[in-house]
Every structure is written in C-alpha cells, then in structure tokens.
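Subject: Structure handover

Hello,

Here is the structure I promised. Please open it alongside this email and follow along.

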Amino acid sequence: MSKNNPVIIVIEDDPPIRRFLRTGLSAQGFTVFEADTGKQGIVEAGVRKPDLVILDLGLPDMDGVEVIKAIRNWSTLPIIILSARSNDQSKIDALDVGADDYLTKPFSIGELLARIRVALRHRARPLEQLQNNVFTTANLKIDLTNRLVSLDNREIHLTPIQYRLLSVLVKHAGKVLTHQQILKEVWGPSYQENAHYLRIYMSQLRHKLEADPTQPQFLLTESGVGYRFKV
Amino acid sequence: MNAERPDPDELLARVERENAKARRGRLKIFFGAAAGVGKTYAMLLAARERRAENLDVLVGLVETHGRKETQALLEGLEVLPSRVIDYKGAKLYEFDIDAALKRRPAIILVDELAHTNAPGSRHPKRWQDIHELLEAGIDVYTALNVQHLESLNDDIGHISGIRVWETVPDTVFEDANEIELVDLPPDELLVRLKEGKVYVPHQAQHALDHFFRKGNLIALRELALRQTASRVDAQMLNYRDDHAIRDVWQVNERILICIGSNALAERLVRAGKRLATGLRAEWIVAYVETPQLQRMSAEKRDGVLRILRLAEQLGAETVTLSAPEIGQALIRFARERNINKIVLGKPSRRGWRRWLMGSVVDVLISNAHNINIYLLGSPLRSERGDPHAELALIRKGPLPGLRQRIPARTQKRYKGYIWAVAVTILSTVVGDMVFGQLELANLVMLYLLGVVYIATRFGRGPSILASVLGVGVFDFMFVQPYYSFSVADSQFLITLLAMLVVAIVISNLMVNVRSQAKVASHRERRAAVLYAMSKDLAASQTEMDVVRTAVRHLETEFSSRNVILFPNKNGRMVYPGQKPLAESLLGADLSVAQWVFDHNEMAGQGTNTLPGAAAIYFPFQNEDKVLGVLALLPVNLRRVFLPEQQKLLETFLRQIGQAIARIRFAEQAKLTHTQIEAERLRNSLLSAISHDLRTPLATIIGSASTLAENNGQLPPPDRLDLCRAIIDEAERMSSLINNILDMARLDAGALELNRQWHPVEEIIGTVLTLLQKKLADRQVRVNLPPGIPMLYADSVMIEQVLINLLENAARYTPPGSPLEINTEVAKRAVKITVADHGPGIPKGQEERLFEKFYQTRHEAAQSGVGLGLAICRAIVQVHGGKIYARNRQTGGAEFTFVLPIDQPPPVIEK
C-alpha cells in the first residue's frame, strides 16, 4: 500500500457498476476493494485503511448518509458519493454530513477519475496553492493572513462578509459545499434558512472577481446543491 | 280500407296503458252504497282466500270498529302496526306507508280509501298513499263508499243534505283494476243499524240518523249500482275496441268546459266530468281571464285556482286563457284544439242588459259552427236552499299557505277625486274667462276635455265625479238661468246626458286599456325574465354557473329562496358543496327532495305530498331523466301557484334541466376528447420511444459486440472509434430517458417546486458551465443588463428550461453559429430569450413546437423525442409564466420565456 497504489473502497450494490469501476480504477493503478452493502462497506473502510471511499447512496441495507456518519466517526478520508439523478435531497444530506464530492449516474469513468484525483491531491497536500497562508490560483491571489485579495495584482476591496464567504470557499477549494454548510460557517447557525443571502453575496463576489460572472472561472455553482471553488 | 281495423294510435296508447298497469300493483276497490254494507268484511274474506293461496298478504290498516265478526276474520293475518301521531295532545293512529313499502307484501289491505291523513303525514290523503303503494308494485285492497266519489259528491250532497269533504278523485276509481260491489238492500242495512252493527261516531249521531233514511239509502244504492254498471259498460267498450267489434268508429270527442269565477264553476266542472266520462271523451277546463276579471279580489282568484285544481284531480286538462273578450278567446281555443262540445253556464245577464251588452253564449252561438254548446242552468234561488253551501268550495278561503293580498291603493283613488274637483274648477275658471266669446257647445267641450283627462289618468270613479261636477257647474254657471240648477232650454239636457255617457264610456275604455296594458306588461316581463335566464344559462360554462344563474333568476321572479339539489353517485340527494349565495335556501329537507327525485313529482308546501314541508320541491329533468330537485321557499305561495306563474316555473325548470344536460354532455365530450388525446399521446410516445431508444441501442450493441468479437485484432484507432460511438449513443439515450422521466413527473403533477430566490446571472452561469463542452464551438453572447431582479423559482427546473432551449438551438442551427441569451425586465416579470442564427421555425408551427412528441423534421438524424420544448412549457407553466417561439426579423429563431415576479425580492438585513 504505497503512495503509488492508493486504496479505494467501492460500496455499491449493482454488480455491473462494481465491475466497470473495478476495471476502470485498477487500470489506473488503484487498489480496489468492493462491498455490496453498507455494513460490509463500513467494515472494509475500517479494515483496508483506504485512501478514498466511493459510496452509492442507494444501498439495500442502510441509508448512505448513515454510512458516511459511521465513517466520519473515525476518519476524514475523502468520500465521493454516487447518486441517482432525481434525488437532490439525499445528495445534499450526504454532503452535509461530510461527503466530499458527488457524481450523478450515469457518469463516465473519466469524470470519476478527475474527482478522485482532486480529492486525493487534497488529502495528500491540502491546498497546494496555499503557501505562507497565501492562496493563489490563476490571476487571483488571496492573502489569508492580511485579508487581502488581488486580481491581476490589483487589490480588490471586499466587505467583511464577502471576504468571509470567499475564505470559506477557498479553505475547501475543490470540494462541494452545500448552502447549509456555507451559511453556517459565514453567517452562523441561525441563518440556515436564508439561502438567498448566500446567492446575493455570491453574485457580488463574482462581479468583483470573475471576468464574466455568467461564465465563472472560480466560483462555480453546483445546481441545486451548493458551490465549489474551482482549483 | 277495412273499417273494422282499430285505430293503431289508440291501440298503441292502450298497450302503453296496460304495460304501465302491469308494472304497477293492482288496485281492487270494495265499493258500497253506505257505511255498514260489509265492505271491510268482504275485503277481509277476500284477503283470507288469497292467504289460503299462499300469497303474502299484509293488513296495512283495517277499521273493524269493534265488530266481532270482522275482528274474527283478522285472525291469522299479519297486521302492520299503525303509526302513532301526536296531534295537539291526541293520539292518532295512521297507516304507516314507509313500513308497508319496506315490508313489500304481495297484497296489502288499506281500508277507507277516502280517509284524510293526520297533519304531518307524507300525503294529505290516503288514496295518495295507495297510489304510491301501487307505483311500488304492491297490490292493494281497499274500500270506498259511493258518496266519497268526487264527481258524485255534489249530487249526493243534494240528495242526502250531507256533504262529505273527504273525496276521492274519480280517476282513482276508474283506474282501479277491479271493482267489487258490496251490496245490501236498504231494509237489511237499517236492521243492521238497529242492531248496532254499523259504526256510527258518537258526535255525528244526529246527522247520521238523518243520513240513514230509507229514501237516502235507496238513492245511494242506485248511485253505487249505476257507477259500477257504467264501469262495466266502459270495460265492455274497451273489450269491444280490443276485438274490433265496434261498427261505427267513435269520433274522438273533446269537451271544453268554460268556468267563470262564480258559484256555478264547481258544478260545471262536475257536470263536465260526468259528460266526459259518459262520452269517454277528453275534457279541458278553461278559464278566461279578461281585464275586468283581473281586477277581481285575491280570494276570488284563489277560488278559481281551487276549481282548476279540482278539475285536474278529476282528470281534466286545465288552461287559463288571457284575452280581452271571453267569447272570442274560447272560439279561438276551441278551433285550435278541435273541440266539438262546449259546456258553459247559462248567461247571467238577462233581458235588456243581455241584449245591450251581449253575452258569451251569444258570441259562441253565432261564431262557433260545428260545435255543440251545452248550457248548465243555475238552480233557482228557492231550490238552492242554502246558497252558501254552493259557494262553500270557493269560499273555503285562500289556498293553504296563500296569504291575503293587502295593499289597496286607496291613496291613489283619493288623489283622483281631488284631481277631478281641481280639473272641474280649472275648466270653470277658463270657461268663465272666455264666456261670451264662445258658443256654449264649445264651452261644454272644455269640461269634456277635463273629463277625458281624468278618465285617462284616474279611472272610472273620479271621471264620473268629474262629469257630474262638470255638468252641475256648467248648468249652474253658464246655462240660463245663471246661478241656478234649473235649465231653461231643454236641449242642454241632451248635452248634459251626452257628457255623462262620454265620461263613463271613456273611463271604462281607459280602465280596460290600462289593465290590458298591465297584462301585456306582465306578459312582456315574463318573456323578458325568461329570455334573461335562458341567455344567462346559455352562457353558463359549468354546472355551478347554471345553478347560480337559476337560483338568482328564480329569486328575482318568485321572490323565493332556492336551492338546487343533485343526487350523489348512489342516487341519494345531498347538500351542494359550494358556498351558498345570498339567494340560496338553507336547510332544505333532503328526505322530501329524495321523494321528489325518486317519484318525479313535486312535493312540499301547497302540494298533495308532504304539505307540511316548508318549501316546495320540484323535480327537473331532461328527456325523461330526472337530474335534480329544486327546493323553493316562496315569500308568497300565490306567486308560484298562479297558473301563469306555474307555467313560467315549469319553463324555468325545463330550461335548467336542459342547461344542466348540455353541460354534462359537453363534459362527457371533453372527457372523451381527452381520452382520445391521451390515447394519441400514448401511441406517439410508444413509437417515439421505440424508435429513439432502439437506434442508439443498435449502435451500442453493434459496437460493443464488435469489440468483444475481435478482441485484440482491431487496430487501436478503430477500437477507440467504436468506444466513442458507444459512449455517444449511451449519452443520447440517457438524455432521452431523462426527458421522458421529467415529462412523466410533470404530467403526473407530482412535482414539488423548490422555489427560492435566485439571481438570473447565476442560473445562466450554471447552465453555461454545464453545457461548456456541447457549446464549445460556439460563441454564446449573454445580454444581462444591470438591475434584473432575482427570480423566485426552482433553479434546477429553470436551468432545465435553459438547457433544453440551448441544446435545441445547438441541434437545429449550423455548427459554429453564435447564440444569444437576452434578459430584460417586463412588467412584473423577467423575460429570458434564447436566440439563434439558424434557419428559423417553419411558418405556422410556432405553437405546435411545444406539443409533446412534436418535431419539425421527422426522421432527422439529430432528433430527440420531441419532449424538450414540452418540458420547458410545463416547467414555465408551473411557475405561472409563459413561453413562446418566433422567428427573428434578422433571421433565426428565438424562444422566450417570461417568469412573473409576484412578490418583492428579499432584502438583506444589515
């Protein structure tokens, strides 16, 4: 189990999907362990010391959210969930309890590999763009110590809330954050219902940071779920 | 032609009558001349025989009056318990019709056909109970004395000096299937009476002693025998008709009975009934309402109404004609209806008055050819005895529930007399001024002018006063000798007389003209009311509209509270589910309504069924099918039961029935249409799915199997090609299935909108990010002016709309051509447009594009199922917006959806 051979646990009850995941992931040099129930998955996750878990939300024996909670009890390892298309809420629930990313079926192996790489990179070296507490991506620079944001080396003035919002997103760069998670971190637990606050501030941020707010480069919307800072 | 052949129409009518009779129960009447002849005994004997034949016999109600022989016969027969009614402290035992209907025996015995039920019973009369039993298919045995027959009631009253009020319509007797005469010679009856075997109520002892005189009994017996014989005769005739025995075809007789408002009316009706029965003819009772008669008091009009109802009960058709002159109206009606006999009362005007003013009889005789006229004389004053007895029916007071009309226009009259004096004074003043310059004859004209004016405005009384005053003053002031009433020149007497006559004639004419105008305006108003309602009914689109329209119009016309009740699926009447109108009647009696609905007859206050109910209940129907029941609570019953009003109400009911039926048909048609549409959709769905899912599947299976078969032998570029094909086709299938599922969810209405506030820019941004790859080769220009408000919408769904529109644009326009997304603020809405530079939409298909499974180019390689735009429309519609497509003037198509902003966007608290 070297760094070159990361271990992935696939918790999925559908054999054909397990089969193509096993083939696809093994071909990319991952060591794959499979589980077809939630319980077995939790056991495998405990035993195999995985680097990442791929979890299907529609398991026969237990709710995927419960699986995530069980794993989160003892580990922060990245969890990517697979969900059926018509089930936004379970996806959000899963992200809220700590899943890192999601994919909607059907998906291509390419998409999955991209997500896996982002997640693993995070785990290995959290925020590689972060040096000396300064986050840099493309032409955007965020100095978390001095609370300075600059674009193309020109300083951008942000209000305290705008800055707080940006810093929350940047700290979890690459990861999907649900509306609830962001609201809680930026405004506090009593603002959970005010999702429109978040949208208005996000729009303000985009106008300040994005070249074209309708084709954002950094601040991406995860439709119906939340936001993600693209890295 | 064979003259022996029976008239087919008549035969058909007979067959129908027989069929109706066959379904009904059979009625057997034990018929006797007087109480005590043994009807009940005979009836029980017959019942025991039936019982012995193992038939299900039930004694509904039998009065044994404690007679042992009769009592003994009851043994072994099942007796239905009586219904006990508490009436003002007294306990009354009544026949329990509901229990009888529930028990449903084959034969039921109900004594005393003419009995009047206690107040609060379903029907006022027992014969009506029996009618209902027969309708329910139960055979009935009953007993009846001859004096209770409606048409003989009058005669027997004359013979015996005792008039009974409990009468049975002759039709009941005539429609009975069997009449069994129970006969006992008068002497024997008298013996039984002495032995105490005849039940005599104590208080009526004296009257009955008078009644049971031998002479009376002989007369009654004769009447009973004759009645039975005439029935046998009628049966014989029927039999001969059936078997075509008649040599001479009987001409279809139609008799017209004309009644007035006088005491003769009732006698005329009874006489007409006898004549009609004797001739086996149809008979019609007509009442002509002339302007003079319209001025009659309300009580007298009620009297006429009562007589008309009596006639109906005796089996006549009744009409009320409205005309200025009785004779002409009767002739016109008689011609229209092919009447060949007219019965009317002897003219009341005699001697010179008849000669001067004419009489109806004279008009009829000189104008009605081929019509026989029968005159019924009024009894001589001395013969009549108590003239009030004759009037009894008319005098019986207003119809039940009819209230007296009070407002008299005394004030107006009073005013008329003042005017008469004033006008005379004015004429005198003017006359005095011009006196000497004009001839006296012209001065008279001044007064005449005044009289004419008064006559036209105030009617007879004031105009006569004006003429008398005028004559007096004229004589006093202007005729020599002046200031004296004596007349020097006798020629002025003629002037005076002429003035008086002119005054009276003109005022009479005016009064007639005015009341005719009133009649005409009444009629016009009725026509207008009817027109207004039919117009409103025609405009009604739903059953509720019809009901509301009807309730409102009924209120206007009849000053009544109304409610229209419909049965539920199980045929039980239920209260309407909608909110009541101000004009609605609340608390209608559902059980009465149910009875009306089941029997298709009216009931309630003022009718023969359940008269205790507060409201009147009418069934309304369309083509024989009863649709519902109107419950109507009038302020004044007269407004409903006056003949013309009743006709109006019938027309109303017919119209309501038709309107309801029309709407039900329309709904049925719509439902059928929807079903056809659904069927069509299902078919296109099937063909679309089978085509569009199979095509990619063919590619996938073909490519995958190629890969599997030629494992390792295919050059890598080919393998990659096949894999790409599989991926592309699978993605195509995936989006197809998504669309189908989306549509299914939208169609099922199971969708819950997750509406939140979203900046338009974010929605567009999300979509463009998602479609990055598909739109990679195109320039997408986003026109987003500042100040576009946020949308309150389900973002995922609105994104879906944009995605579908953009994908469509990409699919149907040349690769690389630019696309535009424009947003603008409309009135309380946001407008988002996706525009392209493609070939545009074929003319006339802008609307059809949004239909399910619609494609502009069939079989196009790039086609989807044709659901994308239908989904867009459904989504926009659930958001309360609209979507449309059109061609741009600069070329290309544009699809626009407008989302309303119906509440202010949220503000951020600082």
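Two strands count as paired when DSSP finds at least two bridges between them. Strands β9 (residues 254-259) and β12 (residues 341-345) of chain B meet that cut-off: they pair in the parallel sense over three bridges. Within this pair, I257(B) stands opposite V343(B) of β12(B).

Before you go further, note that this is a predicted model. Its scores are ipTM 0.84 and pTM 0.46.

**The sheet in chain B**

β9(B) and β12(B) belong to an open sheet of five strands. The order is β11-β10-β9-β12-β13 (chain B), and the pairing is parallel. Which strands are at the edges? They are β11 (317-322) and β13 (372-376) of chain B, each pairing on one side only. Neighbouring strands of this sheet are turned by 25° against each other on average, direction ignored.

Two helices to look at here:

- α11(B) lies across β9, β10 (282-289), β12 and β13 of chain B, and runs at about 170° to β9(B).
- α14 (residues 326-336) of chain B lies across β9, β10, β11 and β12 of chain B, at about 150° to β10(B).

Take a closer look at α11(B). It covers residues 264-279 of chain B, 16 residues in total. From first C-alpha to last it reaches 22 Å, close to the 22 Å expected at 1.5 Å a residue. Its buried residues include L264(B), L268(B), V269(B) and A276(B). E266(B), R270(B) and K273(B) are buried too. After the helix comes R280(B), with a positive phi near 50°.

**The sheet in chain A**

Chain A also has an open sheet of five strands with parallel pairing, in the order β2-β1-β3-β4-β5 (chain A). β2 (31-35) and β5 (101-104) of chain A stand at the edges with a single partner strand each, so one side of each has no neighbour in the sheet. The twist averages 20° from one strand to the next.

Inside this sheet, β3 (residues 52-56) and β4 (residues 79-83) of chain A run parallel and are joined by four bridges. L55(A) stands opposite I81(A) in β4(A). Helix α2 (residues 38-47) of chain A packs on the sheet. It touches β1 (7-11), β2 and β3 of chain A, and its direction makes about 170° with that of β1(A). Helix α4 (residues 88-96) of chain A lies across β4 and β5 of chain A, at about 170° to β4(A).

**Where the chains meet**

The contact takes 19 residues from chain A and 21 residues from chain B. On the chain A side, α8 (195-209) and β12 (219-222) of chain A each supply at least two residues. α8(A) gives the most, with seven residues. By class, the chain A side has eight nonpolar, eight polar and three charged residues.

Chain B has 30 helices and 25 strands. Of its 910 residues, 33% are buried. Its average pLDDT is 79, and 86% of the residues score at least 70. Where is confidence lowest, and where is it highest? In chain B it is lowest in helix α18 (residues 387-395), at a mean of 35, and highest in strand β23 (residues 829-836), at 93.

Two stretches need care. Residues 245-251 of chain B stay under 50, with three contacts beyond four places in sequence. Residues 380-409 of chain B are also below 50, with 30 contacts beyond near neighbours in sequence. Where pLDDT is low, the predicted coordinates should not be read in detail.

Best wishes

Technical notes
Residues are numbered from 1 along each chain as its sequence is written. Chains are lettered from A and ligands numbered from 1 in the order in which they are written. This is a predicted model: local features need pLDDT of at least 70, side-chain atom pairs count only at pLDDT 80 or more; totals for chains, interfaces and linings use all residues. The expected span of a helix is 1.5 Å times one less than its number of residues. A residue is buried if 20 or more other C-beta atoms lie within 10 Å of its own, exposed if 12 or fewer, and partly exposed in between; C-beta atoms are placed from the backbone. Two residues are in contact if their C-beta atoms, placed from the backbone, lie within 7 Å. Ala, Val, Leu, Ile, Met, Phe, Trp, Tyr, Cys and Pro count as nonpolar, Asp, Glu, Lys and Arg as charged, and the others, Gly among them, as polar. Axes are lines fitted to C-alpha atoms, for helices over the stretch in contact, and angles run from 0 to 180 degrees between N-to-C directions. pLDDT is the predictor's confidence in each residue, from 0 to 100.
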